[in-house]
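Colleague: I would like to learn how to read a structure like the one shown below, step by step. Could we begin with the ligand and then turn to the domains?

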Amino acid sequence: MRIVILTGAGISAESGLGTFRDKDGLWTRYDLNDAATPEGFARNPQLVTDFYNARRANCAAADPNAAHHALARLEAALPGEVMIVTQNVDDLHQRAGSQAVIPMHGALMSALCTGCGHRWPAPVAMALSDLCPACGKARTRPDVVWFGEIPYHMDAIVDAVTDCEIFAAIGTSGQVYPAAGLAAEARRAGAQCVELNLERSEISRAFHERHFGPATLVVPAWVDRLLAQS
Ligand code: APR
């Protein structure tokens, strides 16, 4: 894979979806131990279900922004050479037209049965009483990776990150592993590493190049430069 792009909540900020750790970010308004852990779900499944229903409704009402569209344009111009590894659970990359997207933290728009492991498109307002279409039991949870759980598709992600020419990170504070360790891994493997973020992050030192500013400005400009060189 020639270009691997890690995205975080910052790429969707200008679509109106909140980030987690900025001023008034999600984790400043909710306790992540209650809303985003298996223990929190076991303690109060309705609170967690309501939390993700609200995020799913926001996501459904949001539109991809110029940064999402720029990455889709990059992939269309370089077929088979661009992969997005997103920490986000929104579907804005896909709705912007990106095809090669690995949602390492799962997807808001997907439901998961805790009984048989079946996945299916989640209704905007999921209910604990929803029956799994496969096993018929009411054991529904959001298909997102909670703290303490293993991110999805890590083998494919590490394979891509350690075999790419360019590794970019967009809109992430670099505070949550294993995603936050991917830049150092790509750099060790010889990739040219580029950070595109509103401000310095916890992992800025891992990058050869850094471009600070709103994603809707710095990402299209970066894509234009890449395509001009291709
Ligand atoms: N353009 C570019 N970057 C932005 C913008 C913007 N308009 N707005 C905010 N940012 C940057 C912030 O400066 C910050 O560095 O986006 C980053 C958002 O950081 P976080 O809120 O920590 O989000 P993220 O890095 O995606 O969090 C990683 O933590 O809670 C878990 O699972 C959750 O996937 C999430 C993970």
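**The ligand and its surroundings**

Modeller: In this predicted model, a polar side-chain atom of E199 lies 3.0 Å from an oxygen atom of the ligand. A polar contact is a pair of N or O atoms within 3.5 Å, and within protein one must be able to donate a hydrogen and the other to accept it, while residues adjacent in sequence count only if both atoms are side-chain atoms. For H105, a polar side-chain atom is likewise found 3.0 Å from a ligand oxygen atom, and for N197 the distance from such an atom to an oxygen of the ligand is 3.0 Å.

Colleague: How much of the ligand's accessible area does the protein cover?

Modeller: Accessible areas come from the Shrake-Rupley method with a 1.4 Å probe, and for residues only the protein chains shown count as cover. On its own the ligand has 740 Å² of accessible area, and the protein covers 94% of that.

Colleague: Which residues are closest to the ligand?

Modeller: A residue is near a molecule if one of its heavy atoms lies within 4 Å of it. Here 23 residues surround the ligand, and the closest are F20, R21, W27, T172 and S173. At least three residues of this shell come from each of domain 1 (1-16 + 64-105 + 151-230) and domain 2 (18-61 + 107-144), with bounds taken from an automatic or database domain assignment.

**The two domains**

Colleague: How far apart are the C-alpha centres of domain 1 and domain 2, and what is the area buried between them?

Modeller: The size of an interface is often given as the accessible area lost when the parts come together. The C-alpha centres of the two domains lie 25 Å apart, and the area buried between domain 1 and domain 2, summed over both, is about 1,000 Å², with carbon and sulfur atoms giving 56% of it. On the side of domain 1, A9, V89 and Y152 lose the most area to domain 2, together 44% of what that side buries.

Colleague: What should I keep in mind about the numbering and the values?

Modeller: Residues are numbered from 1 along each chain as its sequence is written. Local features need pLDDT of at least 70 and side-chain atom pairs count only at pLDDT 80 or more, whereas totals for chains, interfaces and linings use all residues, and side-chain values use heavy atoms, with hydrogens and water left out.

Key. Buried area = accessible area lost by both parts, 1.4 Å probe.
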